Amino acid sequence: MLKRLVLGFTLLMGLLAPQMAAAQQGGSVGDTYSSAELVEKGGAFFGSVAQGLASVVERAVSQYGLPNGYILGEEAGGALFAGARYGEGTLFTRNQGEHGLFWQGPSIGFDIGGDGSKVMMLVYNLDAAQQIYGRYPGVDGSAYVVGGVGMTVMKYGDVVLVPIRSGVGIRAGVSVGYLKFTSEPTWNPF
């Protein structure tokens, strides 16, 4: 089963690689956020894990380019092979202002535990704020007992999200699922 998850993850990353390269060309320089701006905003938001955040942001920007938006928020989740994640935050863009939003989603896999996280999501190829609403599939892997910083990649249409999480809790495993973004909160993860 683990081999299937690894194979699925490899195939997913292979399919997303061309779109990730295209994400690097998205957005004009005036619409994007520099890595220094992201580290500054994220550092103020995350607090004590700012050093780990800086290295993860630098890695994301080097792989995917400069984002034209970002989300700051908080989320909580739990799993016993099947799980759910819920969050809320604010989408920041240069040309379209700030927008409150919510996200939720199911997951399935070898994933056990619970966590609470502060989240910074880098957003690429967002032409209109309404494009953020949809289901973003992805593979998530985590292993921490107290805390840590991690990064994943998700895509819906042309919009690419790179969630960076700083979590606290007890959680370990690999899971497949999606996040659904909405303008109103809901308990239904589907």
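Begin by selecting Leu 80, Phe 81, Phe 110 and Ile 112, which form a nonpolar patch on the surface with about 390 Å² of accessible area together. Strand 1 and strand 2 each supply at least two residues of this patch. A patch consists of residues with over 30% relative accessible area and no salt bridge, where like charges are joined within 9 Å and nonpolar side chains (Val, Leu, Ile, Met, Phe, Trp, Tyr) within 5 Å. A salt bridge here is a side-chain nitrogen of Lys or Arg within 4 Å of a carboxyl oxygen of Asp or Glu. Accessible areas come from the Shrake-Rupley method with a 1.4 Å probe, and for residues only the protein chains shown count as cover. Strands (E, at least two residues) and helices (H or I, at least four) are DSSP runs numbered from the N terminus.

This is a predicted model, in which local features need pLDDT of at least 70, side-chain atom pairs count only at pLDDT 80 or more, and totals for chains, interfaces and linings use all residues. Residues are numbered from 1 along each chain as its sequence is written, and side-chain values use heavy atoms, with hydrogens and water left out.

Keep Phe 81 selected; this residue is placed in strand 1.

Next, display strand 1 (residues 69–93) and strand 2 (residues 97–124) as a cartoon. The two strands run antiparallel and are joined by 24 bridges; strands pair if DSSP finds at least two bridges between them. They form a hairpin with 3 residues between them. To follow the pairing, select Ile 71, which stands opposite Met 121 in strand 2, and then Gly 87, which stands opposite Trp 103 in strand 2.

Strand 2 has a further partner. Antiparallel to strand 2 runs strand 6, joined to it by 21 bridges. Return to Ile 112 from the patch: this residue stands opposite Ala 172 in strand 6.

Now move along strand 2 to Gln 104. Gln 104 is buried, because its relative accessible area is 1%. Which residues does Gln 104 contact, leaving aside its neighbours within four places in sequence? They are Arg 85, Tyr 86, Tyr 178, Leu 179, Lys 180, Thr 182, Thr 186, Asn 188 and Pro 189, a contact being heavy atoms within 4.5 Å.

Continue to Leu 122, also in strand 2. Leu 122 counts as buried because its relative accessible area is 0%. Apart from residues up to four places away in sequence, Leu 122 touches Leu 38, Ala 60, Pro 67, Gly 69, Val 160, Leu 161, Val 162 and Ile 164. Draw a distance from Leu 122 to Leu 38: the pair is 84 residues apart in sequence and 8.7 Å apart in space, C-alpha to C-alpha.

Then select Asn 125, in the loop between strand 2 and strand 3 (135–144). Asn 125 has a positive phi of about 65° although it is not a glycine. Asn 125 counts as buried because its relative accessibility is 16%.

Finally, show the whole chain. The chain has 3 helices and 6 strands, in the sequence pattern α-α-α-β-β-β-β-β-β. Of its 190 residues, 47% count as buried. Its accessible surface comes to about 9,200 Å², of which 62% belongs to carbon and sulfur atoms.

How values were computed. Buried means under 20% relative accessible area, exposed over 50%, partly exposed in between (1.4 Å probe, protein chains only).
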